[in-house]
Amino acid sequence: MSKQWLTKSVMAIVVLLGVDAMPRESASAPVATFSVRDYGAMGNGSANDSAAINKTIDAASRAGGGIVLFPSGTYKSSNTIHLKSNITVHVEAGATILGSSADTYDPPEANEYDEYQDYGHSHFHNAMFYGDKLKNIAFTGTGTIDGGGNLITGNPKSGEADKILSLTRCDGLTVNTLRFRRGGHFAILTNNCNNITSDHLIIDTASDRDGWNIISAQNVTITNANFAANDDALAFKSDYALGAKLPNGHVTVTDSAFSAGCCNAIMFGSETCGDFTDYKFERITITGAGKSGLGMVSMDGANITDVHYRDITMTGTKSHIMQKVGTRKRCGNNPGVGHISGITYENITGSYAGTGAFSPTIWGEADGNQISDVTFTNVNLEVPGGNGTMGTGVPSNDPKNYNPNSIGTRPSYGWYVHNAHHITWLDSEVHFKNNDGRPGVLANNGSFLRFDKLIDERGTNSPYDVGFQSVAGYCVTNSQNTKGGALRVNTTGSTQSCP
């Protein structure tokens with residue numbers, strides 16, 4: 001089979017898929033194709049093809065870049081594959097790159113900053129694919145990259161890999177149409193990689209841990225994703241693994257589906273050293289999350305601003321929406337306490353029929369670290385309910401823990417708001433499936449909280465529907481319970497101020 005024929009064949013596939021698989025710098029020039037079979041890969045599922053794959057990448061790199069082609073077959077890789085700039089890894093339909101249990105992957109490198117984040121985030125070499133300081137890397141095709149159940153979900157020993165794809169300090173990454181499966185700790189871990197695009201990517205780590213952790217990244221576009229993870233499905237983080245606090249932002253995620261067995265579907269954090277700004281999430285379906293459907297925490301001093309969620313449907317999410325500012329401060333250079341501000345939610349629905357749900361929560365820190373300027377428009381949330389009447393004091397909180405269970409049972413079945421100001425709910429609803437003795441909304445230690453056209457389900461024994469404690473400037477207008485009656489508002493040490 002000639003290389004010229006392979007080039008034409010791959011280009012035809014690219015056109016049919018609508019995928020720009022070519023390295024950006026050479027997109028206008030003819031792109032050479034290098035088949036791994038021409039460099040000794042057997043593709044029989046038993047021979048170790050790592051050496052042949054690395055030879056193919058080296059050949060493409062010497063030529064200035066090109067397509068490294070995996071024709072139909074199963075390519076067992078028992079050693080780390082070292083990526084280089086201007087390389088497109090193209091895995092055809094019927095082709096699988098398979099991980100190994102031989103424990104012969106690159107060992108984890110030493111990292112003087114590993115005290116600032118979990119072990120898996122601190123080490124990058126121990127992966128099926130690894131690259132550092134690369135430009136214009138692409139993974140395309142409709143085949144599969146599968147850890148084979150051989151990658152480690154905990155802290156790996158030397159020779160064991162805990163991720164499929166690990167990239168640091170890269171510029172220009174495309175990941176389209178492939179299926180990443182059984183990734184160990186991570187299917188994909190990128191740190192300080194900018195200018196990322198991904199379309200129709202499938203990640204299946206429901207039997208392992210994380211889908212894709214995008215750490216310290218700017219200029220990211222993800223469309224038509226389908227991620228089913230056990231731990232976090234899609235997480236945006238900023239840690240100190242590279243010895244610097246790095247910026248994050250200008251991210252768009254649209255027309256996608258996510259699920260997370262134990263943890264978070266779409267998450268900011270918990271590693272939050274560098275600031276985050278300009279994120280858009282639109283037309284997304286979430287079908288499960290043992291923690292948050294839409295989670296956002298600032299634990300290590302980050303400012304999170306200008307984040308917008310729109311047209312999102314959640315089912316099976318224990319914590320539909322959670323925002324929290326914590327004081328873990330696990331970051332270099334003596335970080336302070338972070339902020340969350342400028343967040344909008346529009347056309348959001350959430351439901352959960354199981355047990356152990358968490359009330360939707362906004363939890364800021366005191367004074368200048370309150371959560372601010374958040375708007376909920378047409379946000380309709382349903383929770384299981386089933387609690388009795390309880391005290392309305394501030395629940396316990398572990399400020400160094402980012403999980404929804406770090407805050408004790410909320411004294412409201414619906415929205416619980418603590419240390420927040422300029423928060424607005426418009427045309428929104430909160431319901432329970434089982435009668436609940438708590439109010440639908442309770443807020444304390446805040447200012448300028450506005451509810452307009454709120455529908456709040458009333459429990460048989462609930463003392464009131466909406467409560468304000470030490471809130472300067474609350475307002476409830478045009479609102480009612482589910483039977484059409486006026487909401488019962490209870491205030492303690494609070495003042496009313498309607499615009």
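Reader: How many helices and strands are in the protein?
Author: There are three helices and 37 strands. Keep in mind that this is a predicted model.

Reader: What about the radius of gyration against a compact globule?
Author: The protein has a radius of gyration of 25 Å. A compact globule with 499 residues would be near 23 Å, so the value agrees with that.

Reader: And what box do the C-alpha atoms fill?
Author: Taken along the principal axes, the box is roughly 80 × 45 × 40 Å.

Reader: How much of the protein counts as buried?
Author: Of the 499 residues, 58% are in the buried class. The accessible surface comes to about 17,500 Å², and carbon and sulfur atoms hold 46% of that surface.

Reader: What share of the contacts is between residues 24 or more positions apart?
Author: Such residues make up 75% of the contacts, counting those with a separation of 6 or more.

Reader: Charges next. How many positive and negative side chains?
Author: The protein carries 37 positive and 46 negative side chains. The centres of the two sets are 2 Å apart.

Reader: Let's go to β23. Which residues is that, and is it enclosed or open?
Author: Strand β23 spans residues 276–298. Since 17 of its 23 residues are buried, β23 is largely enclosed by the rest of the structure.

Reader: How does β21 pair with it?
Author: Strand β21, residues 248–260, runs parallel to β23, with 10 bridges joining them. T252 has K280 of β23 opposite.

Reader: And β22, parallel or antiparallel to β23?
Author: Parallel, over three bridges. Strand β22 covers residues 266–272. F268 has M296 in β23 as its bridge partner.

Reader: What about β24 and β25, how many bridges does β23 make with each?
Author: With strand β24, residues 303–315, there are nine bridges in the parallel sense. With strand β25, residues 317–325, there are seven, and that pair runs parallel too.

Reader: Which residues face each other there?
Author: Towards β24, F281 has Y309 as its bridge partner. Towards β25, M296 stands opposite Q323. M296 is also the β23 partner of F268.

Reader: Back to β22. Where is the cis peptide bond?
Author: The bond from G269 to S270 is cis, and omega is near 15 degrees. S270 lies in strand β22, which is the strand that pairs with β23 over three bridges.

Reader: Backbone angles now. What is phi of K133?
Author: Phi of K133 is near 55 degrees, which is positive in a residue other than glycine.

Reader: Where does K133 sit?
Author: K133 is in the loop between β8 (129–132) and β9 (135–141).

Reader: Buried or exposed?
Author: K133 has 59% relative accessibility, so K133 counts as exposed. The cut-off for exposed is over 50%.

Reader: What about S470, what is its phi?
Author: Phi of S470 is also positive, near 55 degrees, and S470 is a residue other than glycine.

Reader: Which strand or loop is S470 found in?
Author: S470 is in strand β34, which covers residues 466–477.

Reader: And why is S470 classed as partly exposed?
Author: Because its relative accessible area is 40%. Partly exposed is the class in between buried, under 20%, and exposed, over 50%.

Terms used:
Residues numbered from 1 in each chain as written. Predicted model: local features only at pLDDT ≥ 70, side-chain atom pairs only at ≥ 80, totals over all residues. Heavy atoms only, no water. Helix = DSSP H or I, 4+ residues; strand = E, 2+ residues; numbered from the N terminus. Rg over C-alpha atoms; globule rule 2.2 N^0.38 Å. Buried < 20%, exposed > 50% of the residue type's maximum accessible area, 1.4 Å probe, protein only. Contact = heavy atoms within 4.5 Å. Areas by Shrake-Rupley, 256 points an atom, 1.4 Å probe, with all protein chains shown as cover. Lys, Arg positive; Asp, Glu negative; His and termini not counted. Charge placed at Lys NZ, Arg CZ, Asp CG, Glu CD. Pairing = 2+ DSSP bridges.
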